[in-house]
Amino acid sequence: AMNYLGDLAPRSGFASTDISFTRPGFGIFAQKRLAPIFTVRGAFNYGRLRGDDASSQDAFDDNARFRYVRNAHFRNDIKELSVVGIVDLFASEGTFMRRVQWTPYFFLGVAGFHHNPKAVAPSTGLNGAPLEEAGEWVALRPLGTEGQQSDEYDVRPYSLFQFAIPVGIGARFRLNDALDMSVEIGYRHLFFDYIDDVGGNYVDLGHLDSDLARAMSFRSREPMAANTGEARNFEAINSNTTEYAYVGADGQTYNVYRGFGHDGVGSIRGGSGNDVYIVTSIQLTYILGSGRMNRAKFR
């Protein structure tokens, strides 16, 4: 399972995540023991990250109300390849049949992953015209929701291929001569802030090049939460913030809300710091060659 910590988390704290968005994933790995306490593992993991202001935020909570106004959401399918070194607390000497009954361990390594954040398009654009993509999960990177596709802003498009540093802890248990089971939790330190497509400032909507891009960049006025179909609480929104209008670079007038949702062009859309995701797993390991009762050293 993968969980997300970032700009669309319930709070801005380090450990804030919405557990209700947890979804099952899967992985496959191979590992080689090189010493009594040291193992090298290569792995592929697949899982989904999700975040949603409309579901995670309390419209009346002082610490969350402007996130509720913002009304952003995303999902992102992660395909991760990693190589890590594992250090056991208890050494396994001799053959595999003499390995310890259980041991805690920690790991550290490198990973590369592919991602592609998406969100559900609303029924209409900011000008009220129906959107062709209404109700569909739309890839966000090509839209440049924070000005990445505009020459007016010095914001580079983020890559869909990224690196991470996996670090974590686990415990491994011997089930029988050939099988081990492990329970593990790992933190992925990322080097960018757009796994949720939110990381910088609101831009002049007049510099975005399509109705869809403008609608996906600014979602505070949507009457329904696009991801759930539930009506948004505008009594709370209007008690928390105020509206104002500005004329964009394209000559059109845009009505927007102040707050985390908007406090003028150039105000913050996301938080500070890079995003994070957590991988929690239950692993089953089969020891190759164990069926032949060979006498080779386990290490």
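**Notebook: loop, core, strands and salt bridges**

I began with S20, which sits in the loop between β1 and β2 (26–35); helices (H or I, at least four residues) and strands (E, at least two) are taken as DSSP runs, numbered from the N terminus. I noted that this is a predicted model, in which local features need pLDDT of at least 70 and side-chain atom pairs count only at pLDDT 80 or more, while totals for chains, interfaces and linings use all residues. Residues are numbered from 1 along each chain as its sequence is written, and side-chain values use heavy atoms, with hydrogens and water left out.

**Core**

I turned next to the largest nonpolar core, which has 37 residues, and those with the most contacts inside it are L49, F113, I195, M216 and Y277. Such a core is a set of buried Ala, Val, Leu, Ile, Met, Phe, Trp, Tyr and Cys residues joined through side-chain atoms within 4.5 Å. Among the elements that give two or more residues to this core I listed β1 (2–5), β4 (73–88), β5 (102–114) and α3 (211–217), and the largest share, 4 residues, comes from α3.

For L49 I set aside neighbours within four places in sequence and found contacts with M2, N3, Y4, F74, R75, N76, I78, I195 and Y277, a contact being heavy atoms within 4.5 Å.

**Strand β5**

I sorted β5 by face: T103, Y105, F107, G109, A111 and F113 lie on the covered face, whereas W102, P104, F106, L108, V110, G112 and H114 lie on the uncovered one. On one pairing, β5 runs antiparallel to β4 with 10 bridges, and G112 is the bridge partner of L81; two strands pair if DSSP finds at least two bridges between them. On another pairing, β5 runs antiparallel to strand β8 (residues 161–174) with 11 bridges, and there F106 stands opposite I169.

**Surface patch**

I found a nonpolar surface patch formed by L89, F90, W102, F173, V183 and I282, with about 590 Å² of accessible area together. Patch members have over 30% relative accessible area and no salt bridge, with nonpolar side chains (Val, Leu, Ile, Met, Phe, Trp, Tyr) joined within 5 Å and like charges within 9 Å; the areas come from the Shrake-Rupley method with a 1.4 Å probe. I placed I282 in strand β12.

**Salt bridges**

I counted 12 salt bridges, each being a side-chain nitrogen of Lys or Arg within 4 Å of a carboxyl oxygen of Asp or Glu. R41 and E184 meet at 3.0 Å, N to O, and this pair links strand β3 (residues 38–52) with strand β9 (residues 179–190), 143 residues apart; both R41 and E184 are buried.

R188 and E80 meet at 2.9 Å, N to O, and because R188 lies in strand β9 and E80 in strand β4, the pair ties together parts that are 108 residues apart in sequence. R188 and E80 are buried.

I also recorded R219 with E222 at 2.6 Å, N to O, both of them buried.

How values were computed
Buried < 20%, exposed > 50% of the residue type's maximum accessible area, 1.4 Å probe, protein only.
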